[in-house]
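Subject: Handing over the structure

Hello,

Here is the structure we talked about. Please open it first, then read the notes below.

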Amino acid sequence: MTYLKQNKIPMITGTALLTIALAFGGTVFASHSFETGVKGDSLPDNTHIRLDGITLAPGGVFPLYDSSPNYVSGHFLLTAPCEPVTEGDDTYRPTVSVIAGHIDELAENTRMDSIPLFYINTVSNPDANYCVFHAHIPDPLNGGAPKATDIDLINLTDEDITFTSGHIVDINIQQVLGNITSSPYTDGPTLNVGPNPVFDLNDEDHTNDGIGHSSQS
Amino acid sequence: MKQTNYVLLGILTSVAMISVVGTQNASAHQLAVLFGDSDTNNIFFVLGHTDEPAFGQDPGKHDGKHNLEIRLSDDATDLALADSTDLFFDKYYFKNVKKYNKANSLDKADAVETGINISQAFGDPGHYIHRQIVSDGIYGYHVYGEIDYFGVGKLPVDLTFFCSRDGMDDPAKFESVTDGVTFGEFGCPGSIDDIKFPKKGGHHNNQFNKDDKSKDD
C-alpha cells in the first residue's frame, strides 16, 4: 500500500469531504512528562470503539471523538493494520492515519494535524496485520495540533482499508484545557494531514525515539 | 524547538486569556508569556494571590491568608508544567500607596524577604504556592530561577510583578520581565472594612423596612 506520492486523489477526496462537512456547518466530526492524568480522584472519560467490520474507502473519514467546545488532553490507543515505516524497517505505522485538532462550524477556525504515534512492538504482531500504537493528545514535544477537540481516522491511501477482529480505538480523556471561545484557531482551515510520524522506543534506532520519552506507558 | 510563530501564538493566547480573566474578576492575576529557547517552547506564567480580592489580616474579622500562587503551563497546549524545584522569589511590602509612590528603589520597602523557594501544591501539577498572611498594603514579587519544561529543558525566569491599587503613580515602576511579555494585573490587599455592610456609623438608604412596615400595618 502506498501513500499519495503516486495518486493524490484520496487526499483530495478526504480534504473535500472535510470541507463539505464544514461548509454545511451542522456536521462536526464529532515516564511521559507532560501527561499529568486526572486531578484528585476524578474518573477519566473513556471511549472504546471497535473497528472490526469497517472498511474505509480512499479518502474516507471516521470521526472518533468530539469534545467541542472544550479542548482536552488524554491518551490514545489504536490497534490497526500496519506496514513498515520504510522497506525492511522493524518499526511499523498504521495504514490508516490518525488526525486531531478542531473542526469548527467556521472553516477559518479549523485545524487538523496528523498526530505523532508511538509504535508498541511488545504487543504488536505485524505478521497478523495487528499493530499497537499510543499517542498523547496534545503532544507539546513531538508535534500535532496543540489543542484538540476532535480525533478522526482518515484513509489517505489509494486503497480500501479493512479493519478486522481486534482492531480498536480507545480514547482516555483526562483533562479539559480551555475552550474554543477563549483560544480559537484562526486563519484556517488548516489541514496538516499525511502519514503519521511514528516513534519507536524499543528498536536499535534511537533517532526515532521522539522527545521527552524514556519508557512506554 | 523555538519557533518564531510561537511568539505570535503566545501573544494571541495571552490577549485571549486577559479577555477571559478580565471578564471573570476585576482583581485577576498578572500574566506573562516567557519566550522559549532551544530546549523549550513558550511558557505561560500566571501570578497572584489566592482567594482574590485579597484583604489584610484584621484580628476578629479576617485571617488575611492570601497565598502567593503561580501557575505554569505550556503556552501552546495549556498543559501544566509540573515539578519545577528551582523556583525562588523575593517579596516586597509597602505599607501604603504614599510610601510606594515616594520610593525610588526597592530598598525603600517597609519589609523585604528574599530567597524563598516556592514549591508545587500537593496533587495539583503546575500550581505553585507560598503560604502567607498579608497585611493591607502594596506587595511585589521578584520571581527567579528555572522552570522545568516537561523534563527536556529548563527555561530561566526573572520577572518582578507588583500588585495594583488606585492612587499608585506607576504600578509598573519596579516591574520587569526578561525574555517575555506581561499582561494584566492583580489587586493589592485592601482593608476588610471596605466590604463591610453596614459600615460603622454609616447609613443605609434602603427604605424597605419603613415601607414594609406600613404595608404590614
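In these notes, contact means heavy atoms within 4.5 Å. The model is predicted, so please read everything here as computed from a prediction.

**One residue to start with**

Begin at Thr91(A). Its place is the loop between strand E5 (82–84) and strand E6 (92–94) of chain A. Is Thr91(A) buried or exposed? Thr91(A) has 1% relative accessibility, so it counts as buried; the cut-off for buried is under 20%. Leaving aside residues up to four places away in sequence, Thr91(A) touches Glu83(A), Pro84(A), Val85(A), Tyr119(A), Val198(A), Asp200(A), Asp203(A) and Asn208(A). One of these, Asp200(A), also makes a polar contact with Thr91(A). The two side chains are joined at 2.8 Å.

**Chain A as a whole**

Chain A has 217 residues, and 51% of them count as buried. Its secondary structure comprises one helix and 15 strands. The accessible surface of chain A is about 9,300 Å². Carbon and sulfur atoms account for 53% of that surface.

**Where the chains meet**

Next, the interface. On the chain A side, 14 residues are in contact with 15 residues of chain B. The size of an interface is often given as the accessible area lost when the parts come together. Between chain A and chain B, that buried area is about 1,400 Å². Carbon and sulfur atoms give 66% of it. Which three residues supply more than any other three of the area that chain A buries against chain B? They are Pro140(A), Leu177(A) and Ser182(A), with 30%.

Polar links cross the interface too. Four residue pairs are in polar contact between chain A and chain B. The count of salt bridges between the two chains is two. Look at Lys147(A) and Asp78(B), which form a salt bridge. Their closest N and O atoms are 3.3 Å apart.

**Salt bridges elsewhere**

Side chains of opposite charge can pair when their charged atoms come close. Over all chains, the whole structure holds eleven salt bridges. Here are some within single chains.

- In chain A, Arg50(A) and Asp52(A) form a salt bridge, with the closest N and O atoms 2.9 Å apart. Arg50(A) is exposed, at 60% relative accessibility. Asp52(A) is partly exposed, at 26%.
- Also in chain A, Arg111(A) meets Asp113(A) in a salt bridge of 2.7 Å, N to O. Asp113(A) has 5% relative accessibility and therefore counts as buried. Arg111(A), at 22%, counts as partly exposed.
- In chain B, Lys173(B) forms a salt bridge with Asp169(B). The closest N and O atoms are 4.0 Å apart. Lys173(B) counts as partly exposed, at 26% relative accessibility.
- A network of salt bridges links Asp58(B), Lys61(B) and Asp193(B).

**An open sheet in chain B**

Strands of a sheet pair through backbone hydrogen bonds, either parallel or antiparallel. In chain B, five strands form an open sheet. Their order is E5-E4-E8-E9-E10, and the pairing is antiparallel. Why do strands E5 (111–117) and E10 (176–177) of chain B each have one side without a neighbour in the sheet? Both stand at the edges with a single partner strand, so one side of each is left open.

Further in, look at strand E4 (residues 87–94) and strand E8 (residues 138–149) of chain B. Eight bridges join this antiparallel pair. Among the bridge partners are Tyr93(B) and Tyr139(B), the latter in E8(B).

**A covered strand in chain B**

Last, strand E1 (residues 30–34) of chain B. Five of its five residues are buried. Gln30(B), Ala32(B) and Leu34(B) point one way from E1(B). Leu31(B) and Val33(B) point the other way.

E1(B) also has strand partners. Five bridges join E1(B) to strand E2 (residues 43–49) of chain B, and the two run antiparallel. Within that pair, Gln30(B) stands opposite Leu47(B). Four bridges join E1(B) to strand E11 (residues 180–183) of chain B, again antiparallel. There, Leu34(B) has Gly180(B) as its bridge partner.

Best wishes

Conventions: Residues are numbered from 1 along each chain as its sequence is written. Chains are lettered from A and ligands numbered from 1 in the order in which they are written. This is a predicted model: local features need pLDDT of at least 70, side-chain atom pairs count only at pLDDT 80 or more; totals for chains, interfaces and linings use all residues. Side-chain values use heavy atoms; hydrogens and water are left out. Two strands pair if DSSP finds at least two bridges between them. Buried means under 20% relative accessible area, exposed over 50%, partly exposed in between (1.4 Å probe, protein chains only). Accessible areas come from the Shrake-Rupley method with a 1.4 Å probe; for residues, only the protein chains shown count as cover. Buried area is the accessible area (1.4 Å probe) that two parts lose on being put together, summed over both. A salt bridge is a side-chain nitrogen of Lys or Arg within 4 Å of a carboxyl oxygen of Asp or Glu. A polar contact is a pair of N or O atoms within 3.5 Å; within protein, one must be able to donate a hydrogen and the other to accept it, and residues adjacent in sequence count only if both atoms are side-chain atoms.
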